[in-house]
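Please keep the structure open beside them.

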Amino acid sequence: MNNKELEETHWDVLIIGGGATGVGVAIDAASRGYKTLLVEQSDFGKGTSSKSTKLIHGGVRYLQQGNISLVLESLKERAILKKNAPHIVHDLNFVVPTYDWWESPFYGIGLKLYDLLAGKEGFGKSEFLSKEETISYLPTIEQKGLQGGILYHDGQFDDTRLLMSMLLTAENQGATLLNYTELISLTKKNAKISGGIIKDVQTKSTFEIKAKVVVNATGVFADAVRKKDLSGVNNRMTGSRGTHIVLDKSFLKGETAIMIPHTKDGRVLFAVPWHDKLLIGTTDVEVQEYNLDPVSTEEEISFLLNHTAKYLTKDPTRKDIKSIFSGLRPLVKNDASESSSEISREHQIEISENGLVSILGGKWTTYRKMAKDVVNKASTFAGLPRVKSETHKLQLNGFHENSKIFKALSIYGSDALKINKISAENPELKEKLHKEYSIIKAQIVFAVRNEKAKTIEDFLARRTRLLFLDAKTSLDVAPVVAEIMAKELGENEVWIQAQLISYQKVASTYLP
């Protein structure tokens, strides 16, 4: 769709923000038949949505806090996601290792309650493990003082691969989604919001969008959009930074994750097998300023290394880290003086006096329910035809019940066939980008043609996850990625060099 068509179209819903929440809103709105446009200032999932702990879960921490309603909602959404995106969301065994006599009964009771809340939608029943059984699940667990453990089941996913599936699902439903497109200002008619002025970040062209309702789905940046509506409005958002480190899989052999239920800062800590690496996270540090690429502190990295060392036979050091990344959690302020680790992840919806609909807070697992709730309110406010949400039974793009048949491309689901077709037409694209990773060159072409990848970072960080898995190797392969992308995009050597400089800057923050 060109700029003229964007301007001439009378949109029902304009969504600001291309993370999990915004793209979820686009799916819900478009699937109800509403004319839907989404704009994202950077790339889809550039912020919080690419930097999660890669878990689709009810939230054991929220159970500890007594927030049963959020746990119930999350467990329900976990089951829906596994049903609608089985190529991306799968079960994962977790073990809570116990070193004191009271830990097994204490944590075991909590996890039995977790099973009870999940009901028939549970992924499996928790069980008490002996010391020997715990070691069989976790061969590299620290055995000194080990009493046993508790096994329980939860969900795992690849966050931005799910987001890409959602992006294509929204388009399949008729939505238009634009990355690198920024909201400059909101437009008003008779004091009510009537749309917005948006700018193509790459071409610098601006144009006016007319919409019956505007949805602010920008996560930690929600207040900035709210101030474009009413400059004097009080801030509703606060945020915390969660840092993760990635280690070689040898530190935790097997396919079982560790859950440490209580660290000195009151958080739950996970050690999770992910894409043949080990993901450790997360910290919880309150932040006052928000940016798209938050940088971890030495204190956070040391915290993760030290806590991990307590539970593994081999102690990881700074030189063992393959990648470091941090994400910002969008939290809604409350009046109580609680720490950020205690603030609920439940979402809130606000409609301003001028009609801006803001979705605040929430978590990855519940994106579909959040989207349903906000479209219900936005459509009612805008006087759109009443249509019931059916996203609970909408299979996401790539849906495949046995995607393992596609081997290294299994996470693409049925879209693996399209990638195989690209490589069949050009055998050179069957080549791996790097001998230690299964990513092939055809995935670059697919990402440009089908998933709106426009930069090296888009591909290496979010269409594949190499930046998150191995920052140094991602830098090594960046020139090859740039050449293939340039050919697909019709760009020249100047573009390639500018991209390599830009990627070096971003990737340097992921390097250990």
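1. A salt bridge here is a side-chain nitrogen of Lys or Arg within 4 Å of a carboxyl oxygen of Asp or Glu. This is a predicted model, in which local features need pLDDT of at least 70 and side-chain atom pairs count only at pLDDT 80 or more, while totals for chains, interfaces and linings use all residues. Residues are numbered from 1 along each chain as its sequence is written, and side-chain values use heavy atoms, with hydrogens and water left out.

2. By the salt-bridge rule, the count is 33. One of these bridges joins aspartate 293 to lysine 51, with 3.4 Å between the closest N and O atoms. Aspartate 293 sits in the loop between strand S15 (285-287) and helix H9 (298-309), and lysine 51 in the loop between strand S2 (36-39) and strand S3 (55-56), so the pair ties together parts that are 242 residues apart in sequence. Helices (H or I, at least four residues) and strands (E, at least two) are DSSP runs, numbered from the N terminus.

3. Are the two partners buried or exposed? Buried means under 20% relative accessible area, exposed means over 50%, and partly exposed lies in between (1.4 Å probe, protein chains only). Aspartate 293 is partly exposed at 23%, whereas lysine 51 is buried at 5%.

4. Lysine 54 forms a salt bridge with aspartate 159, and their closest N and O atoms are 2.7 Å apart. This pair links distant parts of the chain: lysine 54 belongs to the loop between S2 and S3, aspartate 159 to helix H7 (residues 159-172), and the two are 105 residues apart. Lysine 54 is buried, with 0% relative accessibility, and aspartate 159 is buried as well, with 0%.

5. Lysine 441 and glutamate 431 also meet through their side chains in a salt bridge, at 2.7 Å from N to O. Lysine 441 is in helix H12 (residues 441-450) and glutamate 431 is in the loop between helix H11 (416-425) and H12, 10 residues apart. Lysine 441 is buried at 17% relative accessible area, while glutamate 431 is partly exposed at 39%. Elsewhere, salt bridges that share partners join Asp43, Lys46, Lys51, Asp293, Glu457, Asp458, Arg462 and Arg463 into one network.

6. Helix H2 (residues 20-31) has 12 residues and spans 16 Å from its first C-alpha to its last, close to the expected 16 Å. The expected span is 1.5 Å times one less than the number of residues. In H2, 11 of the 12 residues are buried, so this helix is largely enclosed by the rest of the structure. Among the buried residues are Val23, Val25, Ile27 and Asp28. Just after H2, glycine 33 has a positive phi of about 95°.

7. Which strands pair with S18? Two strands pair if DSSP finds at least two bridges between them. Strand S10 (residues 206-216) pairs with S18 in the parallel sense over 3 bridges, and valine 215 has valine 357 of S18 as its bridge partner.

8. Strand S18 (residues 356-361) is mostly covered, with 6 of its 6 residues buried. In a regular strand the side chains alternate between the two faces of the sheet.
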